[in-house]
Amino acid sequence: MKPNSAFTLSWSGHTLDLSRRTHVMGVINVTPDSFSDGGRFFEKGKALDQALQLAADGADMIDIGGESTRPYSKGISAQEEMDRVIPVIEGLKKELPLPISIDTLKSEVARAALRSGASMINDISALRSDPQMASVAAEAGVPVILMHMKGTPADMQVRPCYDDVAAEIIEFLRKAMDRAVGSGIRRDRIIVDPGIGFGKTFNHNLEILKDLGRFRSLDAPLLVGSSRKAFIGRILDKEVHERDTGTMATVAAAVMNGAHIVRVHNVKQAVETVRVIDAVKRGRIEGASNG
């Protein structure tokens, strides 16, 4: 694996230098049925206010999605998804210098989002769901997040099974990267995500966090999205809105084990958690004298 200094993404006026610290991606769900926030930010004004708050709390990028991908969820039309996310992206583009990521499975939505001000694509199907998604990303020259998911949101939690969960996800992501590069996407603009909670049992999620170091073999920036997931609720016997402390424990574990980006709902807590764990990994506080 190359040193982290190799993982610097530069494009369209944005730079994510992952060599010095872990980055934090803030999540905005513009949906009425999100598992994590129950539709609190479905209305445009509330979504915009929340995104601005996440930026003020220290987010390095904002990920906006208009279609719920919680377990057993059903899809919506591209038009409905665009009606939800495009006004928010347009509003944020005027207010924020941060990269805006569009979380979608649909190339039509991704294309419209990029025209409106988004500058990253987060595809939980790793470019498998829509055959046009890769060409949209390649033509735009934007970073792409490729995530592992076993099945689809509608069936991914129906008895997921692996012989070696980390090895199988790594192989899946390696092939996804090869397909992306073969479609014209620059390799240095690919981010990989093991897909915690997407076609995994609770124990599979824990194995992934424990074995994140094995993902270094992919030689790509690693994003981990464990925020408020059900396995945290099972461990702590907590409802979704009570899982931020548990989430920060998983964020700490992810960063210690090699994550470059963490995707979270509570950015303020994550920024503080990441800052401490990054210092632990370095064995020093940058810019501080001993005392």
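**Briefing: K106 and the chain around it**

K106 counts as buried because its relative accessibility is 16% (buried means under 20% relative accessible area, exposed over 50%, partly exposed in between, with a 1.4 Å probe and protein chains only). The model is predicted: local features need pLDDT of at least 70, side-chain atom pairs count only at pLDDT 80 or more, and totals for chains, interfaces and linings use all residues. Residues are numbered from 1 along each chain as its sequence is written, and side-chain values use heavy atoms, with hydrogens and water left out.

**Surroundings of K106**
- K106 sits in the loop between β5 (100–103) and α3 (107–116); helices (H or I, at least four residues) and strands (E, at least two) are DSSP runs numbered from the N terminus.
- Leaving aside residues up to four places away in sequence, K106 touches E67, I76, S77, A78, E81, D130 and M133 (contact means heavy atoms within 4.5 Å).
- A polar atom of the K106 side chain lies 3.2 Å from the backbone oxygen of I76.

**The whole chain**
- The protein chain has nine helices and 10 strands.
- Its radius of gyration is 18 Å, close to the 19 Å that the globule rule gives for 291 residues, so the chain is as compact as a globular protein of that length (the radius is taken over C-alpha atoms, and the rule is 2.2 Å times the number of residues to the power 0.38).
- The C-alpha trace spans about 55 × 45 × 40 Å along its principal axes.
- Of the 291 residues, 57% count as buried.
- Among contacts between residues at least 6 apart in sequence, 67% join residues at least 24 apart.

Key. Polar contact = N/O pair within 3.5 Å; in protein donor to acceptor, adjacent residues only side chain to side chain.
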